[in-house]
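Colleague: I have a few questions about this model. Can we go through them one at a time?

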Amino acid sequence: MGGKNLDKEDILTDLTPGKKHYMAWPVIALIDFVTIISFENIFYPFQNQGLSVVISWIFLLFSYVIPYALIAAQMSLTFDNQEGGLASWVRRSTNDTLGYWTSWMYWVQSVPYIVDVSNSVIVSFSWMIFGDNSLDKKMSTFWFGMLTFVIILVFILLENKLKNSLEILSLLGGGAMFIMSMLFVLLAAWAVMHGHHIATQPFNWGAFKPSFSLNYFSTTGLLIFAMSGAELAAPYVSQMKNPKRDFPKAMWMLAIMTGFLTIFGTLALSMFFNAHHIPHDFKMNGPYYAFQLLGESLGVGKLLMYIFAVVQALFMMAQLAVLLDASSRVFAGDVGEKFMPKWLTKKNKNGRPIHSYTFTVGLSLFLLLLTGTLPNINTIYNWLLNVNGIISPYKTCWVFFAFIAMRMHQEKYHSDYVFIKNRTGALTVGWWCLIFTFICATLGFVPQNVEFGTFAFNHQLILNIITVIVLFGLGFILPLLRKHEKNKELSGSID
């Protein structure tokens, strides 16, 4: 990551008035990083797998994250004349129908995440107001669901006014979240070096040994959920000066930063929390506990916790606005026009497909009605996370599917960057990533944090199946509605 050597052409371009503004590869890596993983993403796997998750993170870094990032680099540079994105990759490497399914799954997987982010907004404000974990005691599941729904509705109504400012805020908030995450790791190391007692005991090699159980494998989908998203950088290829040289660098930097946060962040958590006895509400309140304990260890009380709560609230609200905007774009694309009913792609005066927001609200309400059958807020929070650990990896499968399809017929495509020049080797890695991701997504149906065979286990298993069938199943219905609509238009023109 050394300095850039400018040649004559670079200097002339830089001195030209009104020249095109190019994005440096470290900036693209940072933008992608803050939209992929945040500090709280290391808490879910830590609760599920304990300190052994460090081994999982290291294994995934080398066998999955780095190949994933470099596959995204090749696909982005192969289809750099597209708007970018996963649906374009699949459509160009296969056909329009599979491109539609990619678009649909990419859109629909954002709905549980939108609800999850809205939940996180409420939790962050509760810590700012109450300064503790008492939200579960002070608010019923009904009002938690209602407030979540209101937040989604308000952001949709204000979308036109908030979108641009909150995209900037998302980058700032994401940057602040990255700084807070790095600070936690560094300050935790400093605290231990200056006498802080390590909470995980015994802290030895045995604590890192994975327990290869059904729970261990069924929770790996959340690790993929936490680490996936390298393809989000694809649209930025056109904004780079020398993408062939620099885009792979951005993907390498992304993979290394992700590895650093997940591995060292988890080790830092083990300094303050006993990996053998993790609080039951760790997924929901863990980040706040962490900064509270770190602040107390450094002698500043709850100050760091309050700073984190503010950063988390701003980041989550900005992320919600950007998610709602991005989720509507699938309805405006070429794929949507061909496969979706016209009423769904109808745009308002601001050029936004207004009914896509209605659709988002409807599916969010459906999820909230399902969460209303769960016993408490902590269970709701955990269940929604687990749903993301199923649906998001299924979407990620399309990245590797498109790569395999492209490399099987690589003579048809020109790639400025090639990940593994040997075709057989590239296909082997592509198939490994696809099969591994699919298996982890499917095992994610197994409920987490509940005992096998209990009513709670069966209840959540049924909710998982219903959620996936409804969210993905709607993708079959919309093309049928569009076909019916076309037949009516055709019969009307004949009459």
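Colleague: Is D246 buried or exposed?

Modeller: D246 counts as buried, because its relative accessibility is 10% and the cut-off for buried is under 20%. Keep in mind that this is a predicted model.

Colleague: What does the D246 side chain meet in a salt bridge?

Modeller: The side chain of R245, at 3.1 Å from N to O. R245 is partly exposed, with a relative accessible area of 37%.

Colleague: How many salt bridges are there in the whole structure?

Modeller: A search finds four. One of them joins K395 and E231, with the closest N and O atoms 3.5 Å apart.

Colleague: What does that pair tie together?

Modeller: K395 lies in helix α20 and E231 in the loop between α13 and α14, so the pair ties together parts that are 164 residues apart in sequence. K395 and E231 are both buried.

Colleague: And which residue does E485 pair with?

Modeller: E485 forms a salt bridge with R482, 2.7 Å from N to O. The two are three residues apart in helix α22, so about one helical turn separates them. E485 counts as buried at 17% relative accessibility, and R482 counts as buried at 7%.

Colleague: Which residues make the contact?

Modeller: From α5, L86, W89, V90 and S93. From α20, K395, W398, V399, F401, A402, A405 and M406. The contact residues divide into nine nonpolar, one polar and one charged. K395 of this contact is also the salt-bridge partner of E231.

Colleague: New topic: α19. What should its span be?

Modeller: Helix α19 has 18 residues, so at 1.5 Å a residue it should span 26 Å, and its end C-alpha atoms are 26 Å apart, which agrees. Its buried residues include Y357, F359, F366 and L370.

Colleague: What about α2?

Modeller: The 12 residues of α2 should span 16 Å, and the end C-alpha atoms are 16 Å apart, so that agrees. Among the buried residues of α2 are W25, D32 and F33.

Colleague: Last one. Where is L344 found?

Modeller: In helix α18. L344 is buried, with a relative accessible area of 0%. The C-alpha atoms of L344 and T358 are separated by 9.2 Å, and the two residues are 14 residues apart along the chain.

Note on methods. Residues numbered from 1 in each chain as written. Predicted model: local features only at pLDDT ≥ 70, side-chain atom pairs only at ≥ 80, totals over all residues. Heavy atoms only, no water. Helix = DSSP H or I, 4+ residues; strand = E, 2+ residues; numbered from the N terminus. Expected span 1.5 Å × (residues − 1). Buried < 20%, exposed > 50% of the residue type's maximum accessible area, 1.4 Å probe, protein only. Contact = heavy atoms within 4.5 Å. Nonpolar A, V, L, I, M, F, W, Y, C, P; charged D, E, K, R; others polar.
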